[in-house]
Amino acid sequence: MIPGILKKAVLMTLGPPVKYIISQMGIHDEVNHKINFIEQTIQDIYPDQLIFSEDTLQEIERLKRLFELPANLDMGISKNDMMVRHYINHGFDVKAAVRAYLVRGLGLMDVVEKVAERKWGRAWPFKIGPFLDFASGYGTLERHLVHYIPADDIYTSDIKEMGIRFQTEKFKVNGISSSFRPEEFEPGIKFKFIFVASLFSHLPGNLFIKWLKQLWNNLDDEGVLVFTVHDISLITSQTEFFYSPVSEDSHSVVKDRLLKPESYGTAYVSEEYLRKCFEEMGLTAAHYARYRKCSGGLQDVYIVSRDIDRFEGIRFNTYDSELI
Ligand SMILES: C[S@@+](CC[C@H](N)C(=O)[O-])C[C@H]1O[C@@H](n2cnc3c(N)ncnc32)[C@H](O)[C@@H]1O
């Protein structure tokens, strides 16, 4: 009994300093260097799209049947698509990551469809264009959206040119280049619907309000802006806004990874913070609706328009890829 307690006491006292000394000796450096080298080499010689095993292909077909998706739904995924790699980096095997990615797309599509239906009724597919998916990545949403509205009505924009190209070639949608400076984003079109999934959850404070205003200025007077954020309650913080310079791209090997901590990290905001932003844009609490943890069970969805109290009480679907 006593030796056991003694051992624990010794480990508790000496453990942390010993671990610290070992970490300072750099004994893992060589191994880490080799792993990074192998990962980078595999990435460089890998074909543009992920190759799926028979098991993963069968899983995609199962999901298509389960959700009654179009048989020709294109599940070709770029090797640079951080949205699927993000799941893999968090320990999902490829099959589970592809399932989570497909289900994420369905969740985004559900938000677009329900908001548009509330706004325009059942004829929404004919009214929603021009539609802008801003910060669209490599087309998590587009592969679904093209089965609802003509590709001609869809505009996809991202800072990653390779992501835009992947989507314009694959889904035949229109591409618009973006910029790290909001004031330089001038598409020259007023959109009926602007959708922004998981960008505001990555922006630092100085860019947050600027992008909100810039996108709002590119919205038709009759249009709807929908975006997602991490609420501040997800972390322990006494502030209205919290920004960390680390993102899913920080340690990635993809060629177009974003390594600009001053422009892209991870952000958390309170509703109060957003209310002040909306005030600066001349909008009141009646101009927006908030749906908590509605995107992927994590991010809040905000729906903003000049209509008053129009978007309350929508019943969005919840998807949990681990239960499917
Ligand atoms: C977390 S991903 C979200 C991708 C997609 N919307 C989704 O939900 O699957 C964030 C995306 O924002 C893009 N992004 C970052 N800064 C941007 C900017 N200034 N303009 C346009 N896109 C940007 C990134 O390249 C990345 O593709």
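1. The ligand comes first. It is surrounded by 18 residues, and the closest are Ala-135, Gly-137, Thr-140, Ser-178 and Ala-197. A residue counts as near when its C-beta atom, placed from the backbone, lies within 6 Å of the molecule. This shell has eight nonpolar, eight polar and two charged residues. Here Ala, Val, Leu, Ile, Met, Phe, Trp, Tyr, Cys and Pro are nonpolar; Asp, Glu, Lys and Arg are charged; the others, Gly among them, are polar.

2. Keep the source in mind. This is a predicted model: local features need pLDDT of at least 70, side-chain atom pairs count only at pLDDT 80 or more, and totals for chains, interfaces and linings use all residues. Residues are numbered from 1 along each chain as its sequence is written.

3. Now the overall build. The protein has 10 helices and nine strands. These are DSSP runs, numbered from the N terminus: helices are H or I with at least four residues, strands are E with at least two. Of the 324 residues, 33% are buried, meaning 20 or more other C-beta atoms (placed from the backbone) lie within 10 Å of the residue's own.

4. Look at strand β5 (residues 219–229). It pairs with β4 (residues 191–196) in the parallel sense, over five bridges. Pairing requires at least two DSSP bridges between the strands. Phe-195 stands opposite Val-226 in β5.

5. Strand β5 has another partner. β9 (residues 299–305) runs antiparallel to β5, and six bridges join them. Phe-227 stands opposite Tyr-302 in β9.

How values were computed: A residue is buried if 20 or more other C-beta atoms lie within 10 Å of its own, exposed if 12 or fewer, and partly exposed in between; C-beta atoms are placed from the backbone.
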